[in-house]
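I opened my notebook and went through one model, a feature at a time. Here is what I looked up, in the order I got to it.

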Number of protein chains: 4
Amino acid sequence: MLVSQNPVFIPGPTNMPEHIRKACDMATIDHRSPIFGKILQPAREGVKKIIKSNNAEIFIFSGTGTAGWETAITNSLSAGDAVIITRNGMFSHRWIDMCQRHGIIVHVIEAIWGDPISATKIGDLLEADNDNKIKAVLATHNETATGVKSDIGAIRGAMDSAKHDALLLVDGVSSVASFDFRFDEWRVDILVAGSQKGFMMPPGLAIVGFSEKAMQANESATLPRTYFDIRDMHKSYASNMYPYTPPVGLMNGLHVACNTLLEEGLDNVFARHHRIAEGVRTAVKAWGLPICANSPDCYSNTITAIRTPEGFDSTQIINHAAQKYQVAFGIGLGDVAGKVFRIGHLGMLTDVLALSGIATAEMVMVDLGLDVTLGSGVAAAQDYYRNNSGLL
Amino acid sequence: MLVSQNPVFIPGPTNMPEHIRKACDMATIDHRSPIFGKILQPAREGVKKIIKSNNAEIFIFSGTGTAGWETAITNSLSAGDAVIITRNGMFSHRWIDMCQRHGIIVHVIEAIWGDPISATKIGDLLEADNDNKIKAVLATHNETATGVKSDIGAIRGAMDSAKHDALLLVDGVSSVASFDFRFDEWRVDILVAGSQKGFMMPPGLAIVGFSEKAMQANESATLPRTYFDIRDMHKSYASNMYPYTPPVGLMNGLHVACNTLLEEGLDNVFARHHRIAEGVRTAVKAWGLPICANSPDCYSNTITAIRTPEGFDSTQIINHAAQKYQVAFGIGLGDVAGKVFRIGHLGMLTDVLALSGIATAEMVMVDLGLDVTLGSGVAAAQDYYRNNSGLL
Amino acid sequence: MLVSQNPVFIPGPTNMPEHIRKACDMATIDHRSPIFGKILQPAREGVKKIIKSNNAEIFIFSGTGTAGWETAITNSLSAGDAVIITRNGMFSHRWIDMCQRHGIIVHVIEAIWGDPISATKIGDLLEADNDNKIKAVLATHNETATGVKSDIGAIRGAMDSAKHDALLLVDGVSSVASFDFRFDEWRVDILVAGSQKGFMMPPGLAIVGFSEKAMQANESATLPRTYFDIRDMHKSYASNMYPYTPPVGLMNGLHVACNTLLEEGLDNVFARHHRIAEGVRTAVKAWGLPICANSPDCYSNTITAIRTPEGFDSTQIINHAAQKYQVAFGIGLGDVAGKVFRIGHLGMLTDVLALSGIATAEMVMVDLGLDVTLGSGVAAAQDYYRNNSGLL
Amino acid sequence: MLVSQNPVFIPGPTNMPEHIRKACDMATIDHRSPIFGKILQPAREGVKKIIKSNNAEIFIFSGTGTAGWETAITNSLSAGDAVIITRNGMFSHRWIDMCQRHGIIVHVIEAIWGDPISATKIGDLLEADNDNKIKAVLATHNETATGVKSDIGAIRGAMDSAKHDALLLVDGVSSVASFDFRFDEWRVDILVAGSQKGFMMPPGLAIVGFSEKAMQANESATLPRTYFDIRDMHKSYASNMYPYTPPVGLMNGLHVACNTLLEEGLDNVFARHHRIAEGVRTAVKAWGLPICANSPDCYSNTITAIRTPEGFDSTQIINHAAQKYQVAFGIGLGDVAGKVFRIGHLGMLTDVLALSGIATAEMVMVDLGLDVTLGSGVAAAQDYYRNNSGLL
């Protein structure tokens with residue numbers, strides 16, 4: 001059996017509800033027939049509701065979050081344009097790299113991995129940009145590598161204060177559908193999301209939202225693009241078509257996933273993610289280990305990165321958990337490689353399954369000689385869960 | 001979502017591996033074509049290997065374990081025949097009732113619910129049966145209601161000592177494929193099993209094995225039967241056919257399930273069930289609660305019934321766990337209704353998932369005011385699992 | 001690949017819609033929890049609507065149609081009771097056999113295989129039954145072996161005219177949900193159906209309906225029964241429970257299947273079966289072969305048995321179609337073995353798929369030297385379908 | 001029911017075997033664990049066998065064929081480079097457009113839609129390219145819009161004769177795995193394929209093969225790229241990793257699809273496609289309609305485009321078939337929009353299912369007043385199939 005029956009605790013792809021998997025596993029239809037529109041348009045509408053937008057243009061690509069990033073930059077920027085990106089984890093790091101490969105000048109704000117994005121520093125750079133060279137601010141809403149959430153509203157605030165008209169591009173891959181994302185309120189210009197996180201689906205869809213302003217910026221953007229060209233998408237969508245062969249099953253799954261989330265209620269979905277995350281953090285505290293995120297206000301509700309003691313290679317935890325217990329945790333990446341391990345707690349998860357992950361992490365750490373007491377984290381999380389369950 | 005993503009901890013139907021479910025979910029074939037034989041015969045052969053028999057005739061019915069019981073008695077007994085059954089739980093109780101409804105005279109050996117079957121008492125009754133009125137001894141290998149395993153080999157020993165030629169009919173519904181069953185060595189005459197326990201399948205198949213002696217007894221048995229008549233089955237099987245419409249998908253699943261078990265290795269399957277069960281029992285001990293089974297040598301490796309304190313209605317645990325945590329445990333049945341709750345730990349299960357069940361039971365008991373310490377059972381089980389994992 | 005991608009043309013199990021298969025393929029739930037009632041009761045209600053009954057008690061067993069027959073007779077009759085059965089095909093033949101094995105005296109009305117049941121002959125026997133020895137009339141609504149539909153309303157009429165209070169037991173296995181069945185109007189006392197025909201599901205459910213009168217008859221019926229005892233079912237259903245382990249997934253599938261049929265509309269379902277059947281019959285006529293059913297008013301809309309020329313072994317058609325074209329047709333059974341082959345056209349089927357079956361039958365017959373013109377039956381059926389499609 | 005039970009006859013996505021769909025529908029695994037390598041590498045090896053290559057580097061992207069094209073050009077060419085492309089259908093047309101959007105100079109050889117690529121004309125252009133401005137020849141192996149197969153071996157021959165070292169880039173999206181593709185023998189430099197055609201899978205994978213020479217060209221190619229950058233892929237593959245989140249389920253499906261094709265045997269797979277295609281072409285001839293492809297040697301075995309009479313809008317056929325019969329055919333695209341309709345006959349298909357498509361097309365054409373005789377095409381195809389079946 002290649003696949004264990006245990007849940008995964010990686011920060012995505014997540015555990016998937018069976019009915020969403022069944023919606024993705026769809027027999028072939030003619031994607032040029034009217035049936036397709038009945039899948040495409042409700043999926044796009046569903047995404048809009050989940051990101052709290054009335055006006056975003058939603059584009060759905062066969063691809064991953066990385067494809068979504070490339071869609072975002074190639075459709076809004078040109079070689080030689082300048083952008084601001086804060087490097088506070090692996091995913092912001094990679095987005096910087098992508099921009100540079102496309103000839104974009106990146107003003108990198110270096111940050112400690114564990115810190116959120118500093119809106120102030122962005123504001124300062126924008127204030128200093130007298131000749132409007134900076135075309136966009138790129139921000140990773142949730143740094144999956146460190147479990148750090150940044151305040152997109154505050155970034156927008158800083159941009160407003162600086163009276164700068166740069167675009168605001170946001171990576172919401174590991175935040176959207178798991179915690180609050182307010183596309184309209186924050187005046188996000190381009191959002192990048194993926195199917196395999198909060199939407200509880202298989203990987204394979206890049207989900208991108210464009211504001212009206214971003215749609216205009218697209219007109220003058222000169223980076224070469226075809227597959228990711230939203231103009232082709234936009235034109236095709238108007239007649240319920242797709243510019244090439246659409247991943248129909250995954251789109252159908254996205255439609256169903258959105259309905260599932262909206263039926264649970266976004267507030268309930270966000271509260272569930274908060275509750276499960278808080279239980280995990282309570283357990284970590286009981287273990288006496290520091291959380292990688294540097295302050296509670298930037299704790300992520302989708303992923304917790306946990307620092308292991310100095311001199312201990314945290315990658316052992318991931319390998320040992322996989323081999324001995326068939327449980328997958330997330331490794332440390334980049335600056336925190338070997339220094340943290342990560343417990344993903346997003347997508348389809350329950351308090352009960354979270355406890356199995358916490359219990360496994362404890363066994364693994366004791367197996368590897370770390371000074372952790374069996375049952376300590378579990379007991380702390382149990383206490384939290386039983387007192388904070390929606391159903392008392 | 002009607003179905004929670006949490007594992008179930010009822011004593012069957014069990015959690016199912018996905019590849020077995022997919023094998024059951026089969027497109028329609030012509031069950032009168034040669035394809036059918038390629039499903040039927042390997043399924044029958046697989047069952048023989050799992051019950052360690054060279055010569056058993058295996059019959060597979062669309063039905064449940066209860067259908068298997070009725071197959072067993074109607075094909076070997078006649079109204080007016082006498083049998084011996086020990087009542088030590090709900091399932092032996094029900095089998096007694098079925099015999100009586102069919103006009104069979106049942107010598108009931110009453111036992112405390114929590115005790116195994118006494119081979120001695122059976123031997124005594126057989127010794128006293130001078131005019132050979134007793135046609136069969138019916139024994140429940142594993143009493144699912146109490147979590148009590150009985151010693152079938154010892155019963156056969158007592159029958160041998162008494163030099164009595166009664167048939168030995170065994171209910172192995174909740175033992176076969178989870179712990180050792182030796183059809184040939186114990187000279188079992190009729191075995192009754194089902195798809196939904198150790199075979200990790202959906203309910204819907206009664207799986208019955210007949211010894212050569214039982215096949216002969218069938219010739220003279222006069223209870224009316226058609227659907228359950230193994231003569232029709234036997235004749236049809238010889239030409240790879242079925243006497244009526246076979247449940248092809250489930251049979252295909254049984255074939256795959258047997259292969260899965262045999263590939264893991266029966267010793268490994270049994271060791272896994274023992275290890276998971278022992279972890280649960282270690283947790284129960286840590287909680288300070290008594291196990292319903294009266295001595296360690298009759299502890300079941302598929303199900304543990306746990307006595308709750310005097311004056312506490314154990315059914316609350318099941319209801320509360322279902323409502324607040326979406327986790328299913330087994331209720332107390334019959335003599336122990338309200339006095340025990342049950343944790344099923346058979347079929348597809350892992351140490352990690354077992355810990356989630358133990359953790360849930362703890363939360364529930366604390367919620368309901370029982371004197372149990374959060375994390376106590378989990379820690380005990382973790383310690384056991386990490387020291388006894390196949391992979392150290 | 002064990003399973004061909006071609007549709008099957010056996011008279012059941014039928015081709016299945018994917019969403020019904022997915023509904024059957026269900027993760028394990030606790031069948032003792034309230035969730036179960038939300039599956040059981042809507043499934044029972046759905047069946048009632050499909051058989052047009054307000055008052056029938058619907059019982060659902062893990063088993064097949066044969067199990068349904070045994071449920072019907074053991075719950076309403078006693079050894080020594082007399083019944084009337086017309087033998088006009090294999091399935092009535094087998095029901096006679098079952099009754100006889102249970103000690104029931106069967107007044108067999110012999111009929112030509114191809115004729116429907118004669119209501120007059122039943123009426124005559126009942127009129128002559130002055131001392132009310134006859135307890136029931138058993139009728140097969142649709143003889144799957146010959147493709148002959150009988151008139152249950154006329155049988156009820158004959159019973160009324162004879163002023164006889166025998167029970168009316170009807171085998172509707174291959175009629176219910178495919179053509180009109182009026183439980184209440186015809187005052188049927190016990191109906192037997194199965195999951196694998198008009199319900200477009202896998203085999204594995206016997207679906208039985210009891211009238212109030214049949215429920216009363218059950219009280220005095222003395223045939224031994226446990227698994228099939230509707231008293232246990234009835235009592236359990238009242239508290240949303242099941243007397244043993246229910247086949248939950250199949251029940252869920254039945255619920256979904258009923259909804260699917262009711263959403264299409266029974267009249268539309270029946271019209272679709274009629275249209276597809278009529279197309280097949282038109283093709284048979286074009287081939288110049290006689291239909292086994294002896295007159296158009298008894299033509300079955302679920303199955304057409306086609307007589308092959310004298311001296312030709314019709315079983316060749318089935319074997320050749322399976323081997324060369326991977327298409328399954330139905331063989332001749334019993335009196336018409338070797339003389340007919342059968343095209344099943346019930347359950348999930350479309351005009352388009354029916355044409356593939358007709359085209360295959362033509363190729364097979366030409367391959368085997370029969371005097372049939374390629375395309376002749378197809379053209380006739382095409383003409384019929386295109387002029388009678390619901391959508392013109 | 002959104003999805004009809006009828007097969008589709010579009011030229012991809014194709015009908016899918018159930019076991020391949022089940023392989024794609026996979027529970028979440030940790031794509032950074034060793035399990036991933038056991039899916040990735042066999043999938044890559046399988047593709048190599050199917051394209052008859054020992055040395056190709058296979059890259060698998062989450063994307064479609066269009067993504068594969070962009071991978072091909074951005075990894076081998078730079079803005080300002082010149083290439084040769086023959087425009088003989090919609091897909092070559094689109095590839096031209098993509099190149100132009102990327103600043104590549106395209107020498108377009110205009111061809112009649114219905115003609116194959118002229119190797120001679122390519123050779124002439126290369127001969128004239130004295131200063132080696134032409135960096136690549138791009139060829140569409142099978143024009144899905146017209147049902148025209150081109151001779152890649154002949155193109156390579158012309159390149160050799162011209163002693164030109166341009167790269168040979170081939171779109172094999174609708175040919176690979178359906179008819180013969182010889183990557184090594186033809187010295188193809190970059191091949192583009194997709195999951196949704198001959199591999200009988202859902203859309204969502206771009207499958208790309210690079211020769212050693214193409215790998216070298218990649219080093220100097222300067223078009224900006226990240227998502228499609230094969231250097232990241234190449235580096236990650238070496239350690240069984242993926243540069244971002246891989247579409248694991250689809251990759252698992254690709255592994256299983258390759259095994260399925262290789263077990264059937266490539267020669268058998270190709271012969272099956274030829275046989276089914278030939279049956280369709282025989283039917284078209286019987287209808288008296290011209291095939292769009294201009295000569296038999298360029299007839300495609302995956303798709304047949306059929307010219308409808310002057311003055312008739314062929315799009316009616318597609319719409320009418322979808323609405324009245326729930327069957328999907330392919331519309332005419334580009335230069336042949338309104339002039340042809342297309343029957344796809346690739347991927348999972350059988351003679352029997354092909355007949356249902358032919359029969360449907362006949363009904364549709366007669367419904368729409370075309371001068372076609374019902375049954376005429378079916379009879380011709382039946383005759384062909386029954387005489388050319390693998391199993392006589």
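Which backbone oxygen does the side chain of A:Arg225 reach? I found that the oxygen belongs to A:Ala221, and the separation is 3.3 Å. A reminder to myself before going on: this is a predicted model.

**Entry 1**

I placed A:Arg225 in the loop of chain A that runs between helix H7 (212–220) and helix H8 (230–238). Next I asked myself: is A:Arg225 buried or exposed? Its relative accessibility came out at 3%, so A:Arg225 counts as buried, the cut-off for that being under 20%.

I then looked at the polar partners of the side chain. Besides the backbone oxygen of A:Ala221 at 3.3 Å, I noted a polar contact with the side chain of A:Asn218, at 2.9 Å.

For the contact list I left aside the neighbours within four places in sequence. Within chain A, that gave me A:Thr74, A:Asn75, A:Asn218 and A:Arg231. From chain D I wrote down D:Glu70, D:Arg101 and D:His102. I also checked how A:Arg225 sits relative to A:Thr74: the two are 151 residues apart along the chain, and their C-alpha atoms are separated by 6.7 Å.

**Entry 2: Chains B and C as copies**

Two copies of a chain are related by a rotation about an axis and a shift along it.

**Entry 3: A helix pair in chain B**

Two packed helices are described by the angle between their axes and the distance between the axes. I took helix H5 (residues 119–128) and helix H6 (residues 152–161) of chain B, whose axes come within 8 Å and cross at roughly 25°. Angles under 35 degrees count as roughly parallel, so H5(B) and H6(B) are roughly parallel to each other. I logged the crossing as right-handed. On the H5(B) side, the contact is made by B:Ala119, B:Ile122, B:Gly123, B:Leu126 and B:Glu127. H6(B) contributes B:Ala154, B:Ile155, B:Ala158, B:Met159 and B:Ser161.

**Entry 4: Backbone checks**

Most residues other than glycine have a negative phi, and most peptide bonds are trans. I went looking for exceptions.

Where is a cis peptide bond in chain B? I found one from B:Gly12 to B:Pro13, with omega near -10°. B:Pro13 lies in the segment before helix H1 (18–24) of chain B. In chain C, a cis bond joins C:Gly12 and C:Pro13, with omega about -10°, and C:Pro13 is in the segment before helix H1 (18–24) of chain C.

For positive phi I noted B:Lys52, with a value near 55°. B:Lys52 is in the loop between helix H2 (34–50) and strand E1 (57–62) of chain B, and is partly exposed at a relative accessible area of 31%. I also noted B:Asn240, with phi near 60°. B:Asn240 lies in the loop between helix H8 (230–238) and helix H9 (248–264) of chain B, and is partly exposed at 34%.

Conventions: Residues numbered from 1 in each chain as written. Chains lettered and ligands numbered in written order. Predicted model: local features only at pLDDT ≥ 70, side-chain atom pairs only at ≥ 80, totals over all residues. Heavy atoms only, no water. Helix = DSSP H or I, 4+ residues; strand = E, 2+ residues; numbered from the N terminus. Buried < 20%, exposed > 50% of the residue type's maximum accessible area, 1.4 Å probe, protein only. Contact = heavy atoms within 4.5 Å. Polar contact = N/O pair within 3.5 Å; in protein donor to acceptor, adjacent residues only side chain to side chain. Axes fitted to C-alpha atoms, helices over the stretch in contact; angles between N-to-C directions. Parallel < 35°, antiparallel > 145°, perpendicular 65-115°, else oblique. Left-handed = near helix turned anticlockwise from the far one by under 90°.
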